[in-house]
Amino acid sequence: MFARLAVNIPAISGVFDYAIPNELVEKIQAGCLVTAPFGNQMVQGIVIDLMDSPSVANPKLILDLLDPNPLLTAPQIALALQLADSTLNPLAAIVSLMIPTGLSQQADILYELRIADSQFPDSKVATRILNLLKERGSLRGRQIDSHFAKVDWRKTANLLIKKGVLSAKNVLPPPRVRPKHIRVAQLSVTPQEAEAEIQNLGSTKQTQARREAALRFLITQPDAINLSWVYAQTGCNLADLQELEERGLIRLFENEIFRDSLSKQVDKETNTQVINLTSEQNFALEKILSASRLLPSAFLLYGVTGSGKTEIYLRAAQEVIKHGKQVIVLVPEIALTPQLVKRFLSRFPGQVGLVHSKLSEGERYDTWRRARDGKLNVIIGARSALFSPLKNIGLIVVDECHDSSYYQAEPPFYNAITTAQEYAKLCGAVCVLGSATPTIEQRFEFENNQGSAINGQILELPNRVTDSDLPPVQIIDMREELKNGSRGIFSRALSESLAEVISRGEQAILFLNRRGTATYIFCRDCGNTLKCPNCETPLTLHLDKKEHLQCHRCNYVRQKPKTCSNCGSNQIREYGLGSERVEEEVKSLFPQARTLRWDWDTTRAKDSHEIILTHFANHQADVLVGTQMLAKGLDLPLVTLVGIVLADVGLNLPDPFAHEKVFQVLTQVAGRAGRSARGGKVILQSFTPENYAIQFASRHDVNGFYERELDYRKQLGYPPFTRLARLEYRNADNVKAEEEAAKLATKLNVKIEAQALRQTELIGPVPCFFAKENGEYRWQVVLRSPDPISLLRDMRLNDWRIEIDPISLL
């Protein structure tokens with residue numbers, strides 16, 4: 001018997017055939033995790049398929065089976081193969097998305113010091129390597145990486161190996177995660193037998209009292225109990241329990257426990273009010289449930305903010321679970337959608353698992369195992385939750401399906417929304433995409449039965465479920481404000497409205513799509529702008545805790561200089577507007593108001609999102625200042641005012657999707673206001689109020705924007721009327737990056753001409769908009785074609801970052 005493996009070396013494409021040892025023939029199945037030789041190293045691999053004969057002569061033997069149960073289900077394997085083909089990613093890189101962090105390990109090199117007293121005074125890197133190995137002992141390459149940020153130490157290490165100073169060997173580190181066990185105690189005789197022995201447990205009063213208390217406590221416990229709890233309840237110690245075990249009265253052993261990220265959550269239904277569905281909700285739910293009983297289908301649940309999409313998700317999930325199937329619910333980010341998560345937890349107590357980046361490796365691993373073992377019926381999480389190993393999926397929900405966070409912007413590139421649609425087909429499940437502002441491509445595909453939306457249907461929810469209508473939006477032309485002498489951050493209308501809301505004891509949200517205090521720092525004398533040395537993007541001023549400048553791309557930090565490095569002037573000034581500055585302005589104008597700021601800088605700690613939201617929802621603050629996080633599915637009844645401080649941010653970026661992104665975020669943020677009988681309004685400040693994205697957003701006119709943007713895309717030849725592939729090359733040498741981009745463009749043009757592809761063209765090569773990132777220059781070539789994959793599939797593009805259907809060209 002033979003097995004075809006995807007080996008865990010992400011840069012390696014394809015699959016490789018191996019022979020299965022006789023002792024493992026009955027144990028190895030498709031989806032199993034094994035170890036195998038690959039070249040001169042040992043690697044992990046996932047069994048993709050089993051065969052009676054190999055495609056190569058004399059295949060190597062698989063070495064070991066790491067888990068008797070398959071890690072991947074059959075639909076997951078099919079999805080991995082399909083996704084690797086449609087995104088041009090290596091299969092191993094896609095498979096790695098489906099294996100829990102810490103369980104999947106890659107081959108590494110172990111470096112060991114052979115000559116301890118060697119010295120290389122002319123090489124700082126060699127000296128650092130030797131000192132590190134003297135201090136820490138033998139280390140793997142990835143461990144040494146953490147000590148050498150942005151330093152190519154491996155060339156120096158190879159020279160030291162040639163000189164005999166170091167030795168190196170290939171190793172495969174063991175998995176970092178494993179099941180967690182705790183020591184427990186349990187009565188091993190009948191309660192009557194234990195009572196008979198209870199008077200003769202110790203030679204002193206103290207030991208007798210401790211052991212008697214411990215034994216009496218264990219008599220009352222029907223199950224094994226954590227030793228820590230026994231100590232806390234009785235005052236005994238380990239020696240006392242060991243004595244009781246020697247006497248045969250109790251037994252001490254280890255129990256496996258699950259690390260549950262939801263252990264602090266309350267599963268009880270906090271709102272017992274019966275929710276009656278509107279006729280529109282009933283119609284949409286019935287369509288979804290009918291499809292779940294028949295053929296796999298896809299639905300676009302297109303409903304205004306506050307139209308009750310979550311209740312439809314909950315009832316559809318309830319019906320699917322009732323029929324013995326399971327549910328995956330994708331959200332843009334767990335921390336930003338706590339209300340949806342709590343509603344699922346209360347509706348399905350004990351059946352829900354969360355998957356997100358803030359979990360420890362152990363918590364993720366245990367949630368993954370419980371999903372694989374069929375102990376969970378609902379998985380909720382960001383895009384990685386899609387790859388949970390549920391065995392009988394009946395429903396996949398993608399909430400806020402317009403959100404860009406569903407797109408993985410680092411290799412391996414993929415879009416979780418289209419992947420969810422394809423996965424639902426493979427599982428025979430229903431896929432529901434929900435949004436008030438679906439993307440142009442999503443809506444076009446559903447309307448025209450194309451792409452991932454074949455056999456799809458749009459279900460509309462045009463009205464809110466409460467008595468309130470969508471809030472009116474007042475546009476303030478900031479150019480007129482300047483002419484009238486108003487030079488503050490807030491227009492007079494916004495300042496007056498804030499004062500009214502605060503005086504009435506209601507709440508307001510102030511939205512600005514920028515972090516920090518100032519957008520950039522410059523010299524007033526010579527005009528020199530302070531930029532990040534790694535990315536060449538302007539540094540942003542931050543005032544929290546300690547004044548500093550920060551790059552929002554690579555996190556480079558420095559102090560604000562006192563003089564200009566270009567001309568020596570001390571006229572260093574700040575320009576622009578950020579969320580910190582808005583917060584300070586609110587405190588200055590309304591000192592009595594309680595203010596919270598919600599952006600990336602205030603939410604880096606674990607649970608910080610939920611703490612801020614809970615404070616605001618409980619009316620422990622009057623004004624919430626924030627960035628794009630505010631656009632994500634919040635339901636706050638006391639919010640009667642949303643102020644959009646500067647609506648123009650992002651409109652003028654050189655990206656064909658720029659207007660759509662601005663429209664979506666403005667519409668979503670505006671939808672946070674007036675979600676109760678109190679009503680509400682939105683004040684939108686802009687320097688370009690005539691822009692069509694702002695005009696349509698102010699009218700909540702999603703259909704009007706769709707028609708206008710669709711016409712714009714058709715004229716320019718952008719999706720959904722064609723497809724894009726973005727190829728990016730990075731190098732520390734700008735000339736090298738430009739040369740490689742030019743070479744690829746030449747090859748592609750030759751191929752296009754040879755195949756006479758009339759509807760295919762190249763854009764570039766050109767530097768990316770953000771031309772430098774993390775010390776590397778970025779050049780790109782954009783391929784515009786009805787089928788870019790077929791043109792690129794057989795080309796060697798190992799050093800290129802390839803994005804199929806990118807959501808940004810920046």
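Start by selecting residues 734–754: this is helix H23, and it lies across strand S32 (723–731), S33 and S34, running at about 15 degrees to S34. Helices here (H or I, at least four residues) and strands (E, at least two) are DSSP runs, numbered from the N terminus. Lying across involves contact, meaning heavy atoms within 4.5 Å. For the angle, axes are lines fitted to C-alpha atoms, for helices over the stretch in contact, and angles run from 0 to 180 degrees between N-to-C directions.

A word on what you're looking at: this is a predicted model, where local features need pLDDT of at least 70, side-chain atom pairs count only at pLDDT 80 or more, and totals for chains, interfaces and linings use all residues. Residues are numbered from 1 along each chain as its sequence is written, and side-chain values use heavy atoms, with hydrogens and water left out.

Now show the strands. Four of them make an open, antiparallel sheet, in the order S33-S34-S32-S35. Strand S33 (761–773) and strand S35 (801–804) are at the edges with a single partner strand each, so one side of each has no neighbour in the sheet. From one strand to the next, the twist averages 20 degrees.

Zoom in on S33 and strand S34 (residues 776–785), an antiparallel pair with seven bridges; two strands pair if DSSP finds at least two bridges between them. Pick Pro-767 and you'll find Trp-779 of S34 standing opposite. Then click on Pro-765, also in strand S33. A cis peptide bond joins Gly-764 to Pro-765, with omega at about 15 degrees.

Most residues other than glycine have a negative phi, and most peptide bonds are trans. Here are some exceptions to click on.

Jump to Pro-411 and Pro-412, joined by a cis peptide bond with omega about -5 degrees. Pro-412 sits in the loop between strand S17 (407–408) and strand S18 (414–415).

Next, select His-619, in the loop between helix H19 (608–617) and strand S29 (623–626). The phi of His-619 is positive, near 60 degrees. His-700 has a positive phi too, near 55 degrees, and you'll find His-700 in the loop between helix H21 (692–698) and helix H22 (702–716).

Are these two buried or exposed? His-619 is partly exposed, with a relative accessible area of 23%, while His-700 is buried at 17%. The cut-offs: buried is under 20% relative accessible area, exposed is over 50%, and partly exposed is in between (1.4 Å probe, protein chains only).

**Going inside**

Stop at Glu-583 in helix H18 (residues 579–589). Glu-583 counts as buried, at 11% relative accessibility. Show its contacts, not counting residues up to four places away in sequence, and you get Thr-595, Leu-596, Arg-597 and Val-625.

Now for the nonpolar cores (sets of buried Ala, Val, Leu, Ile, Met, Phe, Trp, Tyr and Cys residues joined through side-chain atoms within 4.5 Å). The largest has 88 residues, and Val-95, Ile-644 and Leu-666 touch the most other members. Leaving aside neighbours within four places in sequence, Val-95 is in contact with Ala-6, Ile-46, Ile-48, Leu-72 and Ala-80. A second, separate core has 35 residues, including Ala-291, Leu-354, Leu-395 and Leu-461.

**Last stop: confidence**

Colour by pLDDT, the predictor's confidence in each residue, from 0 to 100. The protein's mean is 86, and 93% of its residues reach 70 or more. Over residues 266–271, though, pLDDT stays under 50, and the model has seven contacts beyond four places in sequence for that stretch.
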